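Work through the exercises below with the sequence and the model open. Each task is followed by a solution in steps.

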Amino acid sequence: MSHKVVIPIGPYHPLQEEPEFFRLYVEGERVVDIDIVIGYNHRGIEELSEHKHFDQVAYLVERICGICSTSHPFAYVNAIEDLAHIQVPERALYIRTIIAEMERIHSHLLWLGLAGHFIGYNTLWMWAWRYREPILDCFEMICGNRNHYAMMKPGGVRRDILNEHISPLKKTLDEISRATDMFYGAVVDDPVIKARLKGVGILTKEQARNWCVVGPTARASGIDIDVRRDDPYGAYDRVSFNVPTEQEGDIFAKTVVRLKELYESIRIIRQCLDKMPKGEIEIKIKEIPAGEGIGRVEAPRGECFHYVRSDGTNRPIRHKIRAPSYMNVASNKIAAVGGTISDAAITLAAVDPCYCCTERCSVIRKEDNQRILTGWELIKLSQEKTEKLKKEIGFKDVI
Amino acid sequence: MKLVFNYLVFPGFLFSAVVGLFSGWFDRKLTARIQWRKGPPWYQNFLDILKLFSKEVIIPTQAKFTFFISPFVGLCAVVIVSTMLGRVLLDPSESFIGDLIVLVYLLVIPAIALILGASSSGNPLAAVGASREMKLILGYELPFILSILTLIIKTGAIKLEAILNHQMVYGSHIASFSGVIAFLVTLLCIQAKLGAVPFDISEAEQEIMAGTLIEYSGPLLALFKLTRAILLYIMPLFLTILFIGKDISFKFLFLKYIGLITLIILLKNTNPRLKIEQAIKFFWGPVSFLACVSVILALRGW
């Protein structure tokens, strides 16, 4: 077969259950090209956040994504504290770190399960998600919610980790640690999984650097970056941990990196629980001065970046968000082309994409098919529309 | 009249459909338990089929006539197989010379029906699924036929009755070297024939969204589901007759059936899906090699 057939994955993905659209151009089973279309779920979070006051924005950005729902507020409060030069109480830093690492555990287990599902290994899927449950229970115990923890606020955290929470949490960590041993053995030593994942969806170090990938996707390609170590925030400079990297850049390497990160997360939480000092968990902030601040957080999927500018009022005048998947999803263009359809399904999922984080405004037209508008084009569109409306209602400029 | 009863009720269509749907439930329940889930109640598969039959028939505009006819073809083939197997088990003298070959032929037909239906549906994903199914047939038929050849050599006849009689006298085929190898090979081929993981490549919901079945809905889909259910009943039964047919009293037959089906479900739940090239390599490489070894061993009388 030499003619190109289009295999659509999306616009509503049957498995990732998120709105995105991959157009796979295939010859027989081989993928020769791929179109990536995102932007079905644009919610205008940045714009919304400019209409809310600083305390509300933390809850808003929490709702960017359900899986990394503490990374965005964490990055946001980092940005605010950078802006206002706020010294957060020590205990709050530790609590933030614990919550962020618990999130990484549940997110990586979620990915492991999904990856299993994508290669048709439903038992792995169910088992990974079964061991994700205790962590979610711990979240519920600490902050009352399984997702959307609402722990972060500018100047500290909203809830304390009580003494009676610590021993169940430690017990859960032991359980997860044992489960990770099991998963590590089951995944790394399974010949069929190896046959499916080794050498598939390779992103070389060079390519990874050129496509600016972040997080486990970059670390699996041998790029040793991690915001937690390179630009410490929270309590990460007070604990010791390793940043696992692999050189191969294939999906197997990505799996191994994530599994090893589970161990590191468990280690970090244990250290935090032991070292956590007593004291206040927040300080009251009177006002946010004019200025700008940035916050970086190593989300489970990579670096999450928030930029906030304030003009001295009670709301940000600019809030810029860059989620890690925005960088990672684009790299599929390299990784998925050349493989088979079976490879593409798992390759597209291997960067642990989070589409709701990534959404950008896009305009789809019949004549030019699809394109992303620049800011200037949006202004022009809005001016045109204003003119049109003016004409319709017969409005005349009175100057 | 008796023949009609045989084909339509017992041990043909109705009986095998009921047993097959029960086996399907057993599969789902056991899978669920393996995966820390609760699993459906025993009547779930019956409800599913009933629901599908109550829906309207939707035929895509690009579809050809074969789209409509192929589910019936597949179902007829498995019903004939189940009737033949059942009649032989009830009364071995019902067997006729060459029935083994007929069975081997009939067992390919469900897969071919699937390919026919899928490729006439006009859907690109179904086309990919059909091409995968076709490659898979090419893969597993060779070792399957070779392992059946092993039995023919050992028994010296192409007749189910002869195979059963031989095992009654000399013990089950699985007790010999060539028999155990041929058994393993057949088990793997059956996994592929059932479209179970790791060989559910033609349906691969995560890649091509049910592939071959993507355009089917309602009663036509129900027919395919019934075909699959009956296959799940006849495949272990066929395997029992061929390899562990020493004692075919009802009690032992039932135990063997449950044992085999459990084995199939376990295989299914402890493996990820292979890619189509890998599956073909697997069948043409190690599996065919094993099948050849079993044929040679059988020729030498082991």
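**Exercise 1. Find the bridge partner of A:Arg23 in β3(A), then describe the sheet around this pair.**

Step 1. A:Arg23 has A:Asp35 as its bridge partner in β3(A). The model is predicted: local features need pLDDT of at least 70, side-chain atom pairs count only at pLDDT 80 or more, and totals for chains, interfaces and linings use all residues. Residues are numbered from 1 along each chain as its sequence is written, while chains are lettered from A and ligands numbered from 1 in the order in which they are written.

Step 2. Strand β2 (residues 21-27) of chain A pairs with β3(A) in the antiparallel sense, over seven bridges. Strands pair if DSSP finds at least two bridges between them. Strands (E, at least two residues) and helices (H or I, at least four) are DSSP runs, numbered from the N terminus.

Step 3. The open sheet has three strands in the order β1-β2-β3 (chain A), with antiparallel pairing. Its edge strands, each pairing on one side only, are β1 (5-9) and β3 (30-37) of chain A. On average, neighbouring strands of this sheet are turned by 25 degrees against each other, direction ignored.

Step 4. Helix α14 (residues 341-350) of chain A packs on the sheet and touches β1, β2 and β3 of chain A. Its direction makes about 155 degrees with that of β2(A). Axes are lines fitted to C-alpha atoms, for helices over the stretch in contact, and angles run from 0 to 180 degrees between N-to-C directions. Contact between two residues requires their C-beta atoms, placed from the backbone, to lie within 7 Å.

**Exercise 2. Describe the pairing of β6(A) with β7(A).**

Step 1. Strand β6 (residues 291-299) and strand β7 (residues 302-310), both of chain A, pair in the antiparallel sense over nine bridges.

Step 2. The two strands form a hairpin, with two residues between them. A:Gly295 stands opposite A:His306 in β7(A).

**Exercise 3. How are α8(B) and α10(B) oriented to each other, and which residues meet?**

Step 1. The axes of helix α8 (residues 177-193) and helix α10 (residues 218-243) of chain B come within 11 Å and cross at roughly 170 degrees.

Step 2. Angles under 35 degrees count as roughly parallel, over 145 as roughly antiparallel, 65 to 115 as roughly perpendicular and the rest as oblique. α8(B) and α10(B) are therefore roughly antiparallel to each other.

Step 3. From α8(B), B:Gly179, B:Phe183, B:Thr186, B:Leu187, B:Ile190 and B:Lys193 meet B:Leu231, B:Met235, B:Leu239 and B:Phe243 of α10(B). This contact divides into seven nonpolar, two polar and one charged residue. Ala, Val, Leu, Ile, Met, Phe, Trp, Tyr, Cys and Pro count as nonpolar, Asp, Glu, Lys and Arg as charged, and the others, Gly among them, as polar.

**Exercise 4. Describe the side of chain B that touches chain A.**

Step 1. The contact takes 24 residues from chain A and 25 residues from chain B.

Step 2. On the chain B side, the elements giving two or more residues are α6 (124-155), α9 (205-208) and α12 (276-299). α9(B) gives the most, with four residues.

Step 3. The residues of this side divide into 13 nonpolar, six polar and six charged.
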